[in-house]
Amino acid sequence: MGEFKVHRVRFFDYIPSGIRALAFNRDTERMAVARIDGSVEVFHCSDRFFQEKIIPGREQCGTEGLSWVGERLFSAGLNGGITEYDLTNQKVKYTIDAYGGPIWTITGNQQGTHLAVGCEDGTVKLFEVNEDKIQFERNLDRQKSRIISLSWHPSGSKIAAGMIDMIQIFNVETGHSIHRMLADRGVGTSQSKECVVWGVVYLSDGTIISGDSVGMVKLWDDQTGTLIKSHNVTKCDVLALSVSQNEDSLVAGTSEGTVVQFQFVSVVLGKDDKEWVRTRTFKNHTHDIRAVEEITTAVVSGGMDAQLVVRPLLDKIEVRSAASALRKIHFPHRRLVSCARKSGLMLFQYPGHLELWRLGESEGKGLPGSSLFVKRNPEKLLHLKVKGEDHIHCSAVSPCGEWIVYSTASSLRLYRLHCDNNNISITKISKLPKVLSSANQLCFSSDSSHLISASTQSSVHLVSLSQAGCKFVGTLKPKSGSHQAIHLLATSEDGKWLASASSDHDVHIYNLQTRKAHCTVPVYSSAVTAMGIHPTTNCLFMMYADQQMCEYSIEQKQYTDWSRTVQRKGLHRLWLERDTPCLNVMFNPQNPSHVILHDTYMICIIDQSLPLPDDKTQFYNQLTLKSLPEEQRKSHSHAFKLCKNFKDILCVELMSDQSLVVVERPLEDVAAQLPAPIKQKKFAT
Amino acid sequence: MAALYEGYTLCGVGAVQNSSNIGILGVEQGRDIDHVLVTDSSRCITIYKVSDQRATGSWSVKQGQIISCPAVFNTQSQEYVVVTDDKVVRVWKEDDVNLEKAFKATVSADVLRVLSATDSEPVVLFCCGAVRFLDLLLASPQQPIEHVLAEDEIIRWSTIVKAEHQLVILFSTEQRGEHCLYVQRFNPNTLVKHRFETEPCLSAPISFSATCRGSNIHLLYLYLNGSVYESVLPLRSSSTGAEGVLALSRSLCLSLPLGEEKLMSGAVVVLDEAHVAVVGFPHPSAGACKDYLCIWNTHFQTLQACKEMAGRIYSQLWCYSGKLYIPHGKMLSVIPFECQKSSLAAALGKLKQTSQSESKSCSFVSSWTAQTYSDVTQTTEIKSRMATRNNSNVKSVDQLIEHIKTSAVEDVQAEVGEFIRRTPQADLQLAVGRVALELVSRSQTDANFYPQCVFLQLLETRYLCYSVCPELLSLAMVKKDLHLCQIAFQIFSDIPEAVTCAYLKTILSTSDSEMETVNLDTDSVMFMKELTRAQSRSDEEGGQLNGFCSPALESDVSDTLSNKLQRDPLALDMSCPVGLHKGALLNEVLQTAYSDRPLLPHLKDLTVPQVIVFLQYLRFLYFKYCHDAHKQIRALRTPSISQIIDWVCLLLDAHFTVLAVAPEAKRLISDLHKFVRSQVKLYAELGKIEGSLQVLNSKRSEDFGMYAIQVIELF
């Protein structure tokens with residue numbers, strides 16, 4: 001079917017940032033994740049954990065806690081500020097200082113009226129949540145040591161606070177402490193080390209559960225302020241606790257990378273006297289678990305090893321499906337690499353800088369499976385540091401390789417690249433139109449003549465580029481619908497069409513020549529993870545988070561016949577069970593019936609002229625086809641041609657010389673750059 | 001979990017005359033769960049209200065009279081019943097003051113006990129084994145009582161079990177060291193005798209406890225060595241007792257730890273399906289002290305609760321409605337307990353919800369061999385199924401079995417062949433065992449009848465296993481049918497170690513010349529041929545094996561002596577110590593499954609020459625394997641090197657002292673030792689470079705650095 005020359009690139013030193021906090025919103029089924037670099041991400045738990053929203057971080061942010069209040073998301077950090085996020089436009093809405101020094105924890109009450117933050121100066125500060133802002137209300141009685149963890153009683157009348165060596169219970173009305181419970185220090189040498197209560201959970205029956213640096217999970221009674229029971233979970237720290245909604249299950253994350261589950265069950269079958277019993281232990285992390293959340297059917301945990309692990313609780317799952325598989329999310333569901341297809345350049349997006357590389361060149365030809373001699377090594381052309389503290393939100397290089405653009409939360413910068421022989425120079429385009437102040441997504445038209453920038457309120461700005469500079473052409477707005485931020489843009493090869501996908505699953509198509517909205521693709525229940533417009537037929541090909549695919553004819557404003565056939569026949573079971581979303585859709589100009597897709601573990605070429613596989617067909621059939629003689633291949637082949645030679649793929653792009661660029665980031669390389677985990681004694685070592 | 005709560009003293013116990021038993025004859029349930037009836041051997045019967053710890057009534061017999069069995073309460077007539085002086089039955093009511101004035105009747109034989117269950121007429125058990133309902137006995141007290149037991153057979157223990165309106169009396173007897181269990185059922189009256197399985201080191205069961213669950217009686221009994229066995233008896237049995245003595249199948253459900261002191265007595269009582277209470281056995285962690293009451297979980301073999309009892313403990317223990325009654329020191333204590341069902345499995349989400357109802361009546365099969373005539377319902381069911389499925393020209397199992405009993409070998413062979421071909425798989429599985437049993441039993445009685453081909457046919461169905469027909473292998477060994485043995489060893493996966501050893505002994509004691517005439521499985525013989533030939537070939541090729549030709553060889557081809565000197569000292573100059581066929585059979589033994597602890601004692605039965613031959617053969621195999629000879633040989637079943645080494649170890653363990661002193665073994669052992677030492681050294685050295693080899697290996701696979709341009713092809 002075809003040979004491809006593949007540039008296999010492993011020098012993108014992307015290091016995902018460690019996870020610091022998790023917050024689960026049961027009503028919307030969204031999981032918010034705060035990372036150590038200050039970025040906040042929102043995953044949709046019932047849509048295959050697709051990463052819907054990314055709000056980039058900033059230097060020195062030090063986020064320590066996250067909390068949902070209704071559909072509003074708040075964070076607090078060691079910089080002493082409380083931040084509310086604008087989730088519609090994926091940016092920080094405002095930050096106010098709590099004036100209590102670094103904030104260690106933030107939590108909202110169930111009623112959605114107040115936020116409590118625990119500060120370095122020993123105060124618990126209550127903030128009233130208003131319509132558009134939060135307002136400081138008062139301090140609870142000030143303590144001598146910092147407040148590490150907080151938990152509201154579900155009634156909202158009491159707060160438990162974890163501190164150093166103790167736990168305090170406050171009456172919210174009076175602000176006075178009701179009980180003080182002392183957490184024991186460890187025995188032996190650790191006697192001198194203070195016991196840090198890293199997590200507290202206040203249950204509606206008055207039980208307080210704490211996890212501390214001695215490795216204990218302790219249960220306390222808030223009426224008497226006494227210890228009911230303690231479980232020694234680990235020799236290291238218990239860093240995070242979370243309780244299920246109906247308070248019958250508790251998970252504790254430890255610095256050994258284990259999650260320990262406790263369940264509230266009756267010890268005797270059929271009796272009512274229930275106890276918290278340690279039941280299961282999951283070990284899916286190599287490093288400290290900093291945050292853990294029990295959602296309806298799974299335990300979600302994250303930590304220093306930067307992966308988000310979704311461990312389903314099999315007793316709560318009725319049928320085996322994609323939702324019942326262990327899911328590990330290592331990389332963002334956005335593209336961090338953009339390629340200049342026509343000039344062989346790659347732009348790597350790091351949080352604080354950009355790198356521009358030129359691909360190497362090979363000599364001669366090789367047999368399939370072999371490596372070619374590299375005549376010229378890849379070359380780093382540019383290292384562009386970001387001005388200011390904000391991290392990069394999105395970036396792009398134009399297909400011709402002449403323009404580079406990036407945007408942070410506060411600014412957008414456009415550069416022009418001059419390349420003559422070995423001299424590289426860039427010039428910043430100074431006078432940008434005002435609308436280009438920041439962007440959620442950026443792309444260039446295929447002839448590099450226009451820059452397209454997705455802005456707030458789902459609007460798209462069109463700017464023409466020329467030697468002289470850039471000129472604002474117009475703004476495209478959707479006719480109706482919501483105004484969630486756009487996370488994907490796609491332009492057609494002939495420069496006539498533009499498609500935009502936003503995080504509420506809307507896909508709008510605009511005519512760039514008339515600068516008018518052309519049509520809207522029917523809304524599907526799953527998010528669009530990648531899309532592309534076919535260069536010859538002008539059909540929009542979309543991949544969804546639930547692994548479905550659709551092809552929509554822009555000109556006829558309807559799904560194509562092929563797309564309808566796919567929907568009718570259904571996709572192969574093995575295709576639907578993949579657990580990473582497709583991140584790019586490409587087309588092979590030499591063979592219009594080919595659509596090239598990739599996810600983290602494979603590259604797939606869909607040949608629309610071949611029959612679709614049904615569930616009885618062998619899906620991964622490349623090896624079989626290889627062993628068959630040429631004339632028999634046709635009868636055995638089906639539309640999906642999967643190449644699994646690569647893994648941990650961040651980006652695949654088809655260059656204009658028909659070669660593929662595959663940017664891999666092997667997880668071993670990431671692990672090698674993580675700090676050493678807690679050393680554990682194993683057998684005789 | 002189970003718990004023992006704080007106990008209290010019910011009553012003091014009078015002076016102890018004989019040392020083994022305290023002066024309490026028995027504790028029986030009174031008129032409700034809060035009342036118990038305590039009969040002591042000093043002529044006194046007392047009713048206690050347990051919750052109040054006080055006596056509510058007491059009667060005693062005159063001086064000179066002896067109470068010979070514990071008093072019981074007849075719940076139907078609200079009367080108390082006791083037997084004095086072995087023959088006098090006394091019945092009285094609660095408000096009778098004087099026992100002398102109560103009703104009494106003298107019966108014609110010695111009464112052992114009166115047994116009473118709630119809401120049913122008490123049953124009188126006579127020392128001779130006969131039983132009568134009390135009302136029928138009292139209607140004519142002087143009625144003759146038949147002798148059920150033999151003259152010198154003594155009843156050691158008895159109990160009554162009631163469930164589903166069915167009364168069952170169980171009693172165990174001793175006769176000249178033989179212990180039996182009798183099961184007396186009523187309506188219809190049947191008495192079934194079971195024999196306890198005995199082992200040489202075990203004496204008699206010292207304590208019994210029977211409970212009824214579902215439609216089975218679970219009988220637990222304790223031996224002095226700490227084993228607690230359970231036997232399951234059906235509540236209703238179809239057997240009439242006419243079959244004679246049945247073996248009592250049992251399963252070990254608990255092994256109690258023993259202290260250093262020799263135990264004399266102990267008692268066990270069942271609390272629920274998972275828990276038993278035990279006295280008289282030491283606490284596992286409290287040393288040799290025996291004065292503990294322990295609750296053990298028989299499912300998990302764990303000690304659940306224990307309590308130290310003050311004063312010495314007697315081997316008496318009763319359990320009524322959540323309370324244990326235990327005499328100790330000079331008192332009778334009441335200890336409430338609680339047993340709970342663990343819900344750990346439920347917590348883990350593994351258990352949806354257990355239905356506590358027992359499985360349906362377990363058909364009582366005393367052992368596999370008894371299956372053919374034990375369970376009528378089951379066989380009829382099979383019969384009917386077979387009858388419907390099979391067409392008429394194939395014989396049913398029963399017809400076939402009848403035929404086997406009389407026909408000639410050739411006829412049997414033809415018919416069984418036909419039967420196997422025609423019968424559906426599922427039915428065949430059930431039928432093969434019965435056919436094999438019948439064939440074996442005929443062969444055992446009829447010396448001229450030995451249908452080897454039929455046995456092979458049956459084995460080839462793969463539906464036979466050792467437990468279905470244990471006699472088959474011993475029959476084959478008696479008939480010296482080594483071919484059949486070999487096939488059976490290949491197919492059976494459940495051959496006991498004792499049989500494995502017996503077979504081993506048979507092989508080793510058969511001479512090689514005799515062995516060569518036997519027709520064996522060709523694959524195994526081929527393997528042996530190849531193994532020995534590989535050796536001779538390497539002998540021929542000599543020095544050229546390594547691609548090295550010694551100068552001496554070049555100069556003088558005939559100089560074989562220098563050739564030998566040049567060779568690796570480890571290269572084999574050895575020939576196979578046993579014949580090909582013997583080797584093939586030994587290989588089969590090596591591949592048999594076994595556990596070493598049961599095997600060792602049986603291995604000791606081998607004689608020294610046998611051990612040495614076997615060890616020589618194992619050494620030969622081991623050396624061969626280390627020279628990679630076996631890798632070139634294609635055979636379906638070959639012993640693995642770990643199996644060979646395991647057997648060497650086992651053999652050395654079993655005969656260590658003998659081998660150490662036997663002069664003819666010295667060379668063999670030292671050879672083995674040298675070789676093993678060199679191997680250990682070699683592997684230690686190899687271990688050192690393993691790490692670096694591993695790294696090289698992993699690097700080579702995927703190492704292209706940071707960048708490569710590759711070509712892929714998609715089809």
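## A cavity between two domains

In this predicted model, the second largest cavity lies between domain 1 (19-329) and domain 2 (393-521) of chain A, because both domains give residues to its lining. The space inside the second largest cavity amounts to about 80 Å³.

The lining of the second largest cavity consists of N89(A), Q90(A), K91(A), H393(A), T408(A), A409(A), S438(A), A439(A), N440(A), A454(A), S455(A) and T456(A). By class, these residues comprise 8 polar, 3 nonpolar and 1 charged.

The model holds 8 cavities of 30 Å³ or more.

T83(A) belongs to strand β8 (residues 81-86) of chain A. With a relative accessibility of 11%, T83(A) falls under the 20% limit and therefore counts as buried.

The side chain of T83(A) makes a polar contact of 3.2 Å with the side chain of T95(A). Beyond its neighbours within four places in sequence, T83(A) touches L73(A), F74(A), S75(A), V92(A), Y94(A) and T95(A).

## Composition of chain B

Chain B contains 21 helices and 30 strands. Of its 715 residues, 48% are buried. Among the contacts in chain B with a separation of 6 or more, 56% are between residues 24 or more positions apart.

## Backbone geometry in loops

Most residues other than glycine have a negative phi, and most peptide bonds are trans.

In chain A, N538(A) has a positive phi of about 55° although it is not a glycine. N538(A) sits in the loop between β48 (528-533) and β49 (539-544). Its relative accessibility is 4%, so N538(A) counts as buried.

In chain B, S321(B), also a residue other than glycine, has a positive phi near 40°. The loop that holds S321(B) runs between β27 (318-320) and β28 (323-328). At 36% relative accessibility, S321(B) counts as partly exposed, because this value lies between the limits of 20% and 50%. Elsewhere in chain B, the peptide bond between N187(B) and P188(B) is cis, with omega about 0°. P188(B) is located in the loop between β16 (178-185) and β17 (190-196).

Methods: Residues numbered from 1 in each chain as written. Chains lettered and ligands numbered in written order. Predicted model: local features only at pLDDT ≥ 70, side-chain atom pairs only at ≥ 80, totals over all residues. Heavy atoms only, no water. 1 Å grid on protein atoms, 1.4 Å probe; cavity = no way out; pocket = protein on both sides within 12 Å on 5 of 7 lines; lining within 4 Å. Points joined across faces, edges and corners; volume = space filled by probe spheres on them. Nonpolar A, V, L, I, M, F, W, Y, C, P; charged D, E, K, R; others polar. Domains from an automatic or database assignment. Helix = DSSP H or I, 4+ residues; strand = E, 2+ residues; numbered from the N terminus. Buried < 20%, exposed > 50% of the residue type's maximum accessible area, 1.4 Å probe, protein only. Polar contact = N/O pair within 3.5 Å; in protein donor to acceptor, adjacent residues only side chain to side chain. Contact = heavy atoms within 4.5 Å.
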